[in-house]
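Thanks for coming. Please have a look at the slide.

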Amino acid sequence: MEDLPEKLNQEILFQGLRDFGISTATSSYAPIGFGDYHWHITGDDGQRWFVTVSDLEHKEHCGQGAAAALRGLRRAMDTAVHLSEQDGLGFVVAPRTTADGSSLVRLDPRYALAVFPHADGRPGEFGQKLTDQEQDQVLELLAKLHSRTPPETTPHTDLEPPGLRGVHTALTELSGTWTGGPFSEPARELLAAHEATVRRRLSEFAELAARVRGRGAPLVVTHGEPHPGNLILGGHGYLLVDWDTVGLAVPERDLSLLSGDPAALARYTELTGHTPDREALALYRLRWSLLDVAEFVEWFRGEHRRTSDTEAAWQGFADTLDHLHSDATS
């Protein structure tokens, strides 16, 4: 996020770091990513850390409401720790734990803190096109992840994102006035202009979900967002960061972010014996876009101000709706 979190006292952040045994020498805010807040921290011992603060009031994929989101986020972080320390998956950039073994510290009723070791390497960017060789390297990484016995802490991933209910509600309220902030009415008008497309894609999603769910495919540990923006190319290959979306699902949840064509995922089939299901790939690619719509709709229907983050969200909302339309007609 570009903007600092609302009403978060920086001293509370430093106290949270002390819970992890880190005395801060230097800190700098890192305006990167979308959803969480990040800092680069150097301890007084010279060790570097990457710190993430999550807004539990806007962490719906971990749970509805701050208390549920905290439980879900803790399960996700505990899963990453298990995958790294117990299963020996060196590409998992897992959080540091406190002296009592906690992977997460609650800073206040709204915010929670996770601390990660600084990962050396070249970070990727969301939307970056991987070469065939690079994609095969990521597929090898995912094959290792998917082959692991799921830790008991692994969250279950709902096939239908909770936020879709909010989209259905918003579609029934397009004739009214949205008053949450400066982007509320423009968002209502934009959604109204794309109403037919969104309704058609929601129906398509429901049909695909019913067919894929009916096949009863085995569930595996999935990262959830293994796109280039969550990859760091280190000296020994790719590292995978940002594990708050980890969850049990079919492999296509991860594979869909690399390709919608099973033939392009041949390296994964070679390693695992699993041929990706074309409809499951389509389902999760559509799910990704609809989840974005749900998050933007919630954002703009709620209270908000004009900031660099809301301006970026507005552009993301417009781009996502355009993509849903163009993808449906291609």
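How many cavities of 30 Å³ or more does the count come to? The count comes to 1 cavity. Keep in mind that this is a predicted model.

The largest cavity holds about 40 Å³ of space. Its lining runs through R122, P123, G124, Q128 and L130, and then P228, L231, L233 and Y238. Which strands each supply at least two residues of that lining? They are β6, residues 122–123, and β8, residues 231–234. Sorted by class, the lining has 6 nonpolar residues, 2 polar ones and 1 charged one.

Now to the helices. Two packed helices are described by the angle between their axes and by the distance between those axes. I have three pairs, built from α4, α6 and α9.

Start with α6, residues 195–214, against α9, residues 278–301. Their axes are 9 Å apart, and the packing angle is about 140°. The cut-off for roughly antiparallel is over 145 degrees, so α6 and α9 are oblique to each other. The crossing of α6 past α9 is left-handed. On the α6 side the contact is made by R201, L202, E204, F205, L208, A209, R211 and V212. On the α9 side E279, A280, A282, L283, L286, R287 and L290 take part. What is the make-up of this contact by class? The contact of α6 with α9 has 10 nonpolar and 5 charged residues, and no polar ones.

Next is α4, residues 164–171, with α9. Here the axes come within 8 Å and cross at roughly 60°. Roughly perpendicular would need 65 to 115 degrees, so this pair, α4 and α9, is oblique. α4 also passes α9 in a left-handed crossing. From α4 the contact takes L164, G166, V167, T169 and A170, and from α9 it takes L290, V293, A294, V297 and R301. By class, the contact of α4 with α9 has 7 nonpolar, 2 polar and 1 charged residues.

The last pair is α4 and α6. How do their axes cross? They cross at roughly 140° and come within 11 Å. The crossing of α4 past α6 is left-handed. L164, V167, H168 and L171 of α4 meet E195, V198, R199, L202 and F205 of α6. That contact divides into 6 nonpolar residues, 1 polar and 2 charged.

Terms used:
Residues are numbered from 1 along each chain as its sequence is written. This is a predicted model: local features need pLDDT of at least 70, side-chain atom pairs count only at pLDDT 80 or more; totals for chains, interfaces and linings use all residues. Side-chain values use heavy atoms; hydrogens and water are left out. On a 1 Å grid over the protein atoms alone, a cavity is a set of points where a 1.4 Å probe fits but cannot get out, and a pocket is an open set with protein on both sides within 12 Å along at least five of seven lines; lining residues have an atom within 4 Å of a point. Grid points are joined across faces, edges and corners, and a volume is the space filled by probe spheres set on the points. Helices (H or I, at least four residues) and strands (E, at least two) are DSSP runs, numbered from the N terminus. Ala, Val, Leu, Ile, Met, Phe, Trp, Tyr, Cys and Pro count as nonpolar, Asp, Glu, Lys and Arg as charged, and the others, Gly among them, as polar. Axes are lines fitted to C-alpha atoms, for helices over the stretch in contact, and angles run from 0 to 180 degrees between N-to-C directions. Angles under 35 degrees count as roughly parallel, over 145 as roughly antiparallel, 65 to 115 as roughly perpendicular and the rest as oblique. A crossing is left-handed if the near helix is turned anticlockwise from the far one by less than a right angle, and right-handed if clockwise. Contact means heavy atoms within 4.5 Å.
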